[in-house]
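Thanks for coming, everyone. Let me put the model on the screen and walk you through it.

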Amino acid sequence: MRPGAFSVIGPRSAGFRILVVALGGVLLAGLWAAHTMESEGHHITGMNNQIVWGIPHVFAVFLIVAASGALNVASLNSVFGRVAYQPLARLSAILAIALLLGGLTILVLDLGRPDRLIVAMTYYNFRSIFAWNIILYTGFVVIAGIYVWFMMERRFQRYSKPVGFAAFAWRLTLTSGTGSIFGFLIAREAYDAAVMAPLFVAMSFAFGTAAFLITLLAVARASARPLDPDILARQARLMSIFVVVVLYFVAAFHLTNLYAAEHGGVVRFLLVDGDPYALLFWAGQVTLGSLVPLVLLWTPRLSRSPAACFVAACLIVLGGLTQLYVIIIGGQAYPLMLFPGYEVSSTFFDGETGRYSATLNEYLLAAGGIALAALIVTLTVRVLPIVPERLRLAAGDSVTART
Amino acid sequence: MTAATPFADRARRRFLKGLGVVLGASAAPGALLVELAAAKAPDEAVSGARRWGLLIDTSQCAESCDACVRGCNEEHGLVGKDRPATDAQWIRKLNLRHRTTGHAHSLPMLCQHCDAPPCVDVCPTGASFKRADGIVLVDKHICIGCRYCMMACPYKARSFIHETLRDQLAHAPRGKGTVESCTLCVHRVDRSGQDAVPACAEACVEEGHHAIVFGDLNDATSVIATRLRSEGAREIRADLGLNTGVRYQRMPS
């Protein structure tokens, strides 16, 4: 076996077939849910004229943000010169593409008129950050695809570094753009903040690293290729730092809002008395999604355990979904403040907390997007030499050599 | 010469009579022409010289009255399915009560037809657009139903069509899966120009309240511009600097 060699994961096993069928089944269920939503109309979902974006958007934004972060490992190699990570760069880029396609599929299938996707691709309003994101998302898939190709094609390998740079710059822009979807919303108190862009960049690093670690552990187990504990330890350490950075930006966002009397109400709603958002924030996002993983990752005895790292990564993913639920749903649930100092009532729920209860169709659509991402990764590692035969860092650890 | 005079008088009389008939006959179409001049030919571009808007006198708006809402619903065929969370509302009545003084008043809330509309800025396809005359609309043919405009609207003025529609009206096309809001009765405006009265204002007058005035904000001689100049009015969320086309009067601050 050549050191640094890549090979497909095989031969076909019963486990592989079961996995593909199961993922395909979930994907079909998601497509069926989307079809039902389009033919019946969105009234069969929990979304309404008060909460216009729901669970599909929570999962779609999570997958898109995680996609950007999943490219971390490849960037460590190409941008930051950590050639030790080179063996994992292909998987990192494939995961990034898969997550993005999964997220975009959810987003597109939730549109009121998904049949008009061609309109969105041909009519652009360049004042809209949404339109910019359409370009950023499709561009990311193309650049990451070229990146993988150049890494795998011996003749083009010398160009993979500049393409890696381009992918890195592109994904930072992409995540800033995704954060700015909310940051640019002047109408709503829970958004309208420049910090949304860097917050989403930090979230992408944390969620993407967690998604990569889960994928890596799953691939190692499925392919019976033992994972080097050194990889695990470094990824775990990196992930823990990103979790802290996310907490920092979240604290900066809420404390800045708290300082302005006009925003006291929305901070109180999200952190103290908004039901269920305050509970989700403290119990889900902060405790289970951040503090418990940090304990797992920072306890010396546990941090080298694959099981502990797997649990920590899963908790970070759950915490991330919770965080996006609080941002997206909670931010809409807080009523618009048109008349400060007044109690407002109407037949259109003015002055009331928005009510939202997701339906099965929405969860199925979201699960379908995740299944699509998992299916892309599963099939790709089966047919292309993406995964190194030895899941270990490259020889001559340049991390210590360069620093 | 004397014999010629009666003839000349008769001829003059005949001429004047004929002139009277001609003038009389032309009076009706003339009045019609005045109306047509105020309107816009179907193929004529909308002029930026005008800016249509509404002035709402909240002191004339009764808390118990929702005639404007009913008038709008009827005009545009907005039939609810008894699902308040998803039924479309282009105009709604807000009842306000001050938290400390207890002072109460009521007003209609609808698309404010902003000069710098956030819904237009955020729309990825350009389906949300502002006409040159200030009316903010949704092009139902290129709206993809992303609802970003609903997230961006500070006035919660837009509705998403959550279900299949039936018996639509020709002048108010709608479509499942797209977003919609007050059109300022654009079909009436394009037909009658400055003589147009939106359905909400018409219903308000019929109810005897006269709380809603429609007109050209750019025409210094129009009722709306005159009243704005002499009586003043305010914008809702003026802090956002959107320069709304709908202004509110006599609203306690």
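How much space lies in the largest pocket? About 800 Å³. Keep in mind that this is a predicted model.

Let's stay with that pocket. Its lining takes in 29 residues, and the closest to the centre are A:Thr215, A:Ala218, A:Ala374, A:Val377 and A:Thr378. Which elements build the lining, counting those that give two or more residues? They are helix 1 (14-40), helix 2 (55-70), helix 4, helix 8, helix 13 and helix 14 (360-383) of chain A. Helix 14 of chain A has the largest share, with seven residues. By class, the lining of the largest pocket divides into 23 nonpolar residues, five polar and one charged.

Next, the second largest pocket. Its volume is about 570 Å³. Here 32 residues form the lining, and B:Leu78, B:Val79, B:Gly80, B:Asp87 and B:Ala88 are the closest to the centre. Two elements of chain B give two or more residues to this lining: helix 2 (67-76) and strand 2 (91-98). The class count for the second largest pocket reads 11 nonpolar, 12 polar and nine charged.

Rolling a probe the size of a water molecule over the atoms shows where empty space is left. How many cavities of 30 Å³ or more are there? The count comes to 10. The largest cavity has a volume of about 130 Å³. It is lined by 13 residues, with A:Phe253, A:His254, A:Leu270, A:Val326 and A:Ile327 nearest its centre. Four helices of chain A each supply at least two lining residues: helix 8 (196-223), helix 9 (229-259), helix 11 (277-298) and helix 13 (306-333). Helix 13 of chain A gives the most to this cavity, four residues. What about charge in the lining of the largest cavity? There are no charged residues, against nine nonpolar and four polar.

Back to helix 4 of chain A for a quick check of geometry. It has 25 residues, so at 1.5 Å a residue it should span 36 Å. The C-alpha atoms at its ends are 37 Å apart, which agrees. Is helix 4 of chain A mostly covered or mostly uncovered? Mostly covered: 20 of its 25 residues are buried.

On to the rings. The structure holds 21 aromatic pairs over all chains. Take A:Phe80 and A:Phe168, an edge-to-face pair at 5.5 Å centre to centre, with 85 degrees between the planes. What does this pair tie together? A:Phe80 lies in the loop between helix 3 (72-78) and helix 4 (86-110) of chain A, and A:Phe168 lies in helix 7 (residues 160-183) of chain A, so the pair ties together parts that are 88 residues apart in sequence. A:Phe80 is partly exposed, at 46% relative accessibility. A:Phe168 is buried, at 16%.

Another pair is A:Phe150 with A:Phe156. This one is tilted: 5.0 Å between centres and 40 degrees between planes. A:Phe150 is buried, with 13% relative accessibility.

Ring pairs also build a cluster. Its members are A:Trp53, A:Phe130, A:Phe182, A:Tyr191, A:Phe200 and B:Tyr148.

Two arginines sit over rings as well. A:Arg90 lies over the face of A:Phe6, 3.7 Å from the ring centre. The charged end of A:Arg382 sits over the ring of A:Phe16, at 5.7 Å from the centre.

Last topic: the backbone. Most residues other than glycine have a negative phi, and most peptide bonds are trans. Where is a cis bond found here? From A:Asp275 to A:Pro276, with omega near 10 degrees. A:Pro276 is in the loop between helix 10 (264-273) and helix 11 of chain A.

Chain B gives us positive phi values. For B:Leu184, phi is near 55 degrees. For B:Cys185, phi is near 50 degrees. B:Leu184 is in the loop between strand 7 (179-180) and helix 5 (186-192) of chain B, and B:Cys185 lies in the loop between strand 7 and helix 5 as well. Are they buried or exposed? B:Leu184 is buried, at 2% relative accessible area. B:Cys185 is buried too, at 5%.

One more residue in chain B. B:Val136 lies in strand 5 (residues 136-138), and its relative accessible area is 0%, which counts as buried. Its C-alpha atom is 9.7 Å from that of B:Gly245, 109 residues apart along the chain.

Definitions and conventions. Residues numbered from 1 in each chain as written. Chains lettered and ligands numbered in written order. Predicted model: local features only at pLDDT ≥ 70, side-chain atom pairs only at ≥ 80, totals over all residues. Heavy atoms only, no water. Phe/Tyr/Trp six-rings, centres within 6.5 Å; stacked < 30°, edge-to-face > 60°. Buried < 20%, exposed > 50% of the residue type's maximum accessible area, 1.4 Å probe, protein only. Lys NZ or Arg CZ within 6 Å of the ring centre and 35° of its normal. 1 Å grid on protein atoms, 1.4 Å probe; cavity = no way out; pocket = protein on both sides within 12 Å on 5 of 7 lines; lining within 4 Å. Points joined across faces, edges and corners; volume = space filled by probe spheres on them. Nonpolar A, V, L, I, M, F, W, Y, C, P; charged D, E, K, R; others polar. Expected span 1.5 Å × (residues − 1).
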